[in-house]
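Load the model in your viewer and keep the selection panel handy.

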Amino acid sequence: MTTTPLLQVTDLTKHFPTRTSAFRSGGVVKAVDNVSFSVGAGQTLGLVGESGCGKSTTGRLLMRLLEPTSGSIKLDGREISELRRGDLQDYRRRVQMVFQNPSSSLNPRQSVGSAIAAPLLAQRINPPTGIKATVRDLMDRVGLRPDHYNRFPHEFSGGQKQRVGIARALALDPKLIICDEPVSALDVSVQAQVINLLEDIQRDTGVAYLFIAHDLSVVKHFAHRVAVMYLGRIMEHGDTREVFDNPRHPYTQALLSAVPQADPDADRSGRVRLAGDLPSPANPPSGCVFRSRCPLRLTLDEKSASRCADEVPAGSPACHHIDIDIEER
Ligand SMILES: Nc1ncnc2c1ncn2[C@@H]1O[C@H](COP(=O)(O)OP(=O)(O)OP(=O)(O)O)[C@@H](O)[C@H]1O
Ligand code: SF4
Ligand SMILES: [Mg+2]
């Protein structure tokens, strides 16, 4: 018997209509296109890809801040688009979000204690020990001092503000936290502290994370599984170790070969460079969306290469030609 994952996303799609001009009829931006993945209870999935590939849109669909164009999102086996009233309120407790920019997600006129208490008050939850004691406990769990309670966000560093954001996300004891680039705006040394904190919290509470990042190296030591997105689609997903040790999709290979020199674990022997610019998601290539930049495609005969243009590859790795070794060109 297979167990139901905490979160199961199947063929999730979000197309935004583009503005109609006097010259052009309206098209769509395929921000998220047939994306499927799952997150197990207490696990971390790293969702990684370049700017504009659809990571935040995926997060906002999961938060029900956006309606999907099509596809399914199930939490504990229940379709979230079908939730009404009480069940929906329950869903909003169980799934929380931490944002990239802690400054803009906090109200400058609200004290830190009030900011952390806000989700409890909004959900009309009155913990047995009282709101204040609960907030102090949350502050302690994220490494904030009791005397921070009455301070305001401007008195805090970026890392501290992100701790407030995490405490607030934890207030309702969620099952899943969507972390949308929570460390991208922080100094490198502070990034590691915040990631360690998230790991400690996961160990203590069993919360699952969908951890969105630009850079694969951020999730390497911390995500159980990774999914690599490009232009609204998932190119490859799998166990983190397997994807790092044996990246199979040409895009994953390119991303991994571009890790900065500072990473001592980086293997630069098979460096792959991507040609050309990132296409617009309003006008993605037909067939495989990666084909305009794919180094593997350049090595194929005409018939094989035409398949890249004609057929959308499914599954993981999403490539028609992965059996051809990119190093043996
Ligand atoms: N409300 C919207 N209306 C129209 N287009 C949108 C909207 N939200 C996002 N998009 C477009 O959808 C695509 C995906 O955007 P998204 O913010 O999900 O990317 P991202 O991977 O989070 O990028 P980043 O790394 O820069 O945060 C982009 O082309 C973006 O311009
Ligand atoms: S399907 Fe073709 S274009 Fe896409 S990744 Fe594979 S070889 Fe490259
Ligand atoms: Mg984003």
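Select strand β4 (residues 70-75) together with β5: two bridges link this antiparallel pair. Strands here are DSSP E runs of at least two residues, helices are H or I runs of at least four, and both are numbered from the N terminus; two strands pair if DSSP finds at least two bridges between them. Leu75 sits opposite Arg78 of β5.

A note before moving on: this is a predicted model, in which local features need pLDDT of at least 70 and side-chain atom pairs count only at pLDDT 80 or more, while totals for chains, interfaces and linings use all residues. Residues are numbered from 1 along each chain as its sequence is written, with chains lettered from A and ligands numbered from 1 in the order in which they are written.

Now widen the selection to the open antiparallel sheet, β2-β1-β4-β5. β2 and β5 (78-79) are its edges, each with a single partner strand, so one side of each has no neighbour in the sheet.

Next, pick the other open sheet, of six strands in the order β6-β7-β8-β3-β9-β10, with mixed pairing. Its edges are β6 (95-98) and β10 (233-239). β6 runs parallel to β7 (residues 176-180), joined by four bridges, and Val95 has Leu176 in β7 as its bridge partner.

Finally, select ligand 1. Around it are 13 residues, the closest being Phe16, Ala31, Ser51, Ser56 and Thr57; a residue is near if its C-beta atom, placed from the backbone, lies within 6 Å. β2 (28-39) and α1 (55-62) each give two or more residues to this shell, and α1 gives the most, three.
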